Amino acid sequence: MVTDKETELHYFPLLKDIAAGEKQHGIYIQAWADKTQDPELKACLSMVADREFSHHHIFKRRISELGHIWVEASEDPVLEERLRVNGSDMPDVEKARFAKDKMAQRPSPTTRERCQAAMSDETVDSLTRSLLAWFSDVEVDSNFHLGQSYDRLEANLG
Ligand SMILES: [Fe+2]
């Protein structure tokens with residue numbers, strides 16, 4: 001008899017990490033969008049937060065399509081820390097520096113690296129691989145737009 005563990009897809013942890021991470025990102029990015037008085041930054045943050053929430057829903061749906069039940073964690077210390085910063089009255093440029101530091105401190109392999117490995121892994125079903133490819137492209141685009149906004153905040157200081 002096969003146990004649940006043996007039937008679990010080897011890429012399920014990646015899908016679960018994406019679904020959980022995207023929800024977390026959506027919440028703290030939207031908190032910053034709600035707080036900033038800079039309309040251009042607000043538009044960029046809201047666009048990225050919408051994308052993150054959409055990724056959360058799509059990956060959650062894919063997990064269930066693959067026959068898995070995923071229970072979201074009720075506590076999230078990382079989210080609490082990010083919300084403390086993004087929901088505060090700290091200047092936007094400081095929030096941007098904090099976000100860049102966090103990005104630089106990401107543990108390896110990053111989600112992007114894990115996605116790339118799964119995209120070239122033929123034991124991953126093809127629908128999930130194309131979903132990962134689309135997701136990775138959108139994340140690159142979001143990071144590009146965020147980077148431009150962060151650069152503009154720094155430039156405004158000088
Ligand atoms: Fe994301």
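Biologist: What makes a residue buried, exposed or partly exposed here?
Modeller: A residue is buried if 20 or more other C-beta atoms lie within 10 Å of its own, exposed if 12 or fewer do, and partly exposed in between, with C-beta atoms placed from the backbone. The model is predicted: local features need pLDDT of at least 70 and side-chain atom pairs pLDDT 80 or more, while totals for chains, interfaces and linings use all residues. Residue numbers start from 1 along each chain, as its sequence is written.

Biologist: OK. Is Phe135 buried or exposed?
Modeller: Buried, because 21 other C-beta atoms lie within 10 Å.

Biologist: Where is Phe135 found?
Modeller: In helix α7, residues 126-157. Helices are DSSP runs of H or I with at least four residues, strands are runs of E with at least two, and numbering goes from the N terminus.

Biologist: What is Phe135 in contact with, leaving aside neighbours within four places in sequence?
Modeller: Ile18, His55 and Cys115. Contact means that two C-beta atoms, placed from the backbone, lie within 7 Å. Ile18 is 117 residues away from Phe135 along the chain, yet their C-alpha atoms are separated by 9.6 Å.

Biologist: Zooming out, how many helices and strands does the chain have?
Modeller: 7 helices and 0 strands. The pattern along the sequence is α-α-α-α-α-α-α. The C-alpha atoms fill a box of roughly 65 × 30 × 25 Å along the principal axes. Of the 158 residues, 24% count as buried.

Biologist: How do α2 and α3 cross?
Modeller: At roughly 155 degrees, and their axes come within 8 Å. Axes are lines fitted to C-alpha atoms, for helices over the stretch in contact, and angles run from 0 to 180 degrees between N-to-C directions. So α2 and α3 are roughly antiparallel. The cut-offs are under 35 degrees for roughly parallel, over 145 for roughly antiparallel, 65 to 115 for roughly perpendicular, and oblique for the rest.

Biologist: And α2 with α6, at what angle do they pack?
Modeller: Helix α2 (residues 12-35) and helix α6 (residues 111-119) pack at about 140 degrees, with axes 11 Å apart. That is why α2 is oblique to α6.

Biologist: Which residues meet there?
Modeller: Leu14, Asp17, Ile18 and Gly21 in α2 meet Thr111, Arg114 and Ala118 in α6. By class, this contact of α2 with α6 has 3 nonpolar, 2 polar and 2 charged residues. Ala, Val, Leu, Ile, Met, Phe, Trp, Tyr, Cys and Pro count as nonpolar, Asp, Glu, Lys and Arg as charged, and the others, Gly among them, as polar.

Biologist: Which residues of the largest nonpolar core touch the most other members?
Modeller: Ile29, Trp32, Cys44, Leu45 and Val48, out of 13 residues in that core. α3 (39-65) is one of the helices that supply at least two residues each. It gives the most, with 5 residues. A nonpolar core is a set of buried Ala, Val, Leu, Ile, Met, Phe, Trp, Tyr and Cys residues joined through C-beta atoms within 7 Å.

Biologist: What does Leu45 touch, not counting residues up to four places away in sequence?
Modeller: Ile29, Trp32, Ala33 and Thr36. There is also a second, separate core of 10 residues, including Tyr11, Leu15, Ile18 and Ala118.

Biologist: New topic. Is the peptide bond from Ser108 to Pro109 cis or trans?
Modeller: Cis, with omega near -5 degrees. Most peptide bonds are trans. Pro109 sits in the loop between α5 (92-104) and α6.
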